[in-house]
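The structure is shown first.

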Amino acid sequence: MVKRLDCLRLLASWMDEHMLTATSLSANYREWNAVWKNGANFYALNLGMCLPFAVGLSLAFPRRKVIALDSDGSLLLDTSSLVTAAAVNPGNLVAIVFDNGVYGRMGATATAHAADLEKIAQGAGIKSTATIRTLEEFERRVKAAMDGAELAFFVVKVEPGKERVDFDHRLTHGRAMKEAFVDAVRRHPDYRANEKKSS
Amino acid sequence: MDQQTIQMIAEALKEEGIDLVVTMPEEPTQPLMEYLRNDPYFTTITVSAEGHGLAMCAGASLGGRKCVFVTGIAGLLVGSWALAQTGLLYGIPTLILASYRGDIGDRSGISGPQLFMFQQVAKPLLDALRVPYVVTDQKSALKRKIRDSFFACEQYETPIVMLLTGEVLW
């Protein structure tokens, strides 16, 4: 198992300000905001919302990398979103599911039990998948996906618990966060670049 | 839904620059989706559950991609979690075309108790979610209402549902 924060620090080192991210409501949003604040980041999407939101974002920005930072409990609410992600097959989307095996705020309440999230994704039709257990694997597999051009899905086995991090609570929740996201999106050089004019 | 209505919807969507169409297959709107799928102007995506279809539309919409979600009353019920999040919580504009199943005039073949259930829950559900809706039952008003609804959802920053019924749907 790895620490989520170590993975996120590595990921942040590969980011540029034109990439876009979406995170689930878990330790993901706190720790991601602590290490990366540039560009357009939509934080703390509730259960089942993160991966499909990121798929939609990838359709709006087809030439930019979109990264979904999801979590096991969130994905499990609607695993059928994997079927849709595979069917849409956005080559600019990297989906990372941080899997600590439990629902974050409810102690040892198991999420996936004996289910294998990577195999579920494979069964849904996603071709590039991996389950990651070390930081070295994360660096090798995820960096390659960030540089690549195909839909990639990773399950990262992380230790339960939260790190103490310095994050901006106001800008990671609700309308204030959304407005900051929209401001960043509208400043993006690709914003509505492919818009079809009225016929 | 007849050919004339389908073409009116397609024209109105094009006039607004809406080129992304997301749906969970549903009988009354199936001919519309078939038509849009065969028009290269549109990108059409079929999802396997309404909740993540609405979440996908939310991401696309906030990213600046103009989109529409096509569903029915059952889809609104299933997608209510996503609607509460994208609407009440974040205020994300999303145009939704929904067949108004169970409305008086629905002779599509679903059973009476199901019809009545849809009729009973449709408007209270949207009211509870604070999602504005407009009942659209006249072809003559269809294009105008699509344009107005899309404009309003972007201005209000909320999902808006067009409940399609009457001569528009049956």
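Ile96(A) has Phe154(A) as its bridge partner in strand 6 of chain A. The model is predicted: local features need pLDDT of at least 70, side-chain atom pairs count only at pLDDT 80 or more, and totals for chains, interfaces and linings use all residues. Residues are numbered from 1 along each chain as its sequence is written, while chains are lettered from A and ligands numbered from 1 in the order in which they are written. Helices (H or I, at least four residues) and strands (E, at least two) are DSSP runs, numbered from the N terminus.

Strand 4 (residues 93-99) and strand 6 (residues 152-157) of chain A run parallel and are joined by six bridges; two strands pair if DSSP finds at least two bridges between them. Val94(A) stands opposite Ala152(A) of strand 6 of chain A. Strand 3 (residues 66-71) of chain A is also parallel to strand 4 of chain A, again with six bridges, and here Ile96(A) is the bridge partner of Leu69(A).

## The sheet

The open sheet of chain A has six strands in the order 2-1-3-4-6-5, with parallel pairing. Strand 2 (40-45) and strand 5 (128-132) of chain A are at the edges; each has a single partner strand, so one side of each is left without a neighbour in the sheet. From one strand to the next the twist averages 15 degrees. Angles run from 0 to 180 degrees between N-to-C directions, and axes are lines fitted to C-alpha atoms, for helices over the stretch in contact.

Strand 1 and strand 2 of chain A run parallel and are joined by four bridges. Leu20(A) stands opposite Ala40(A) of strand 2 of chain A.

## Burial and packing on the sheet

In a regular strand the side chains alternate between the two faces of the sheet. In strand 4 of chain A, seven of the seven residues are buried (20 or more other C-beta atoms, placed from the backbone, within 10 Å of the residue's own). Leu93(A), Ala95(A), Val97(A) and Asp99(A) lie on one side, with Val94(A), Ile96(A) and Phe98(A) on the other. Strand 1 of chain A is largely enclosed by the rest of the structure, because five of its five residues are buried.

Helix 2 (residues 27-35) of chain A lies across strand 1 (20-24), strand 2, strand 3 and strand 4 of chain A, at about 145 degrees to strand 1 of chain A. Helix 6 (residues 117-124) of chain A packs on the sheet and touches strand 4, strand 5 and strand 6 of chain A, its direction making about 175 degrees with that of strand 5 of chain A.

## A helix pair in chain B

The axes of helix 1 and helix 2 (residues 30-37) of chain B come within 10 Å and cross at roughly 50 degrees. Helix 1 of chain B contributes Ile6(B), Ile9(B) and Ala10(B) to the contact, and helix 2 of chain B contributes Pro31(B), Leu32(B), Tyr35(B) and Leu36(B). These residues divide into seven nonpolar, no polar and no charged. Ala, Val, Leu, Ile, Met, Phe, Trp, Tyr, Cys and Pro count as nonpolar, Asp, Glu, Lys and Arg as charged, and the others, Gly among them, as polar.

## The interface

In chain B, 28 residues are in contact with 32 residues of chain A, contact being C-beta atoms, placed from the backbone, within 7 Å. Helix 1 (3-15), helix 3 (50-62) and helix 5 (80-89) of chain B each give two or more residues to this side. Helix 3 of chain B gives the most, with nine residues. The side of chain B that touches chain A divides into 14 nonpolar, nine polar and five charged residues.

Conventions. Two residues are in contact if their C-beta atoms, placed from the backbone, lie within 7 Å. A residue is buried if 20 or more other C-beta atoms lie within 10 Å of its own, exposed if 12 or fewer, and partly exposed in between; C-beta atoms are placed from the backbone.
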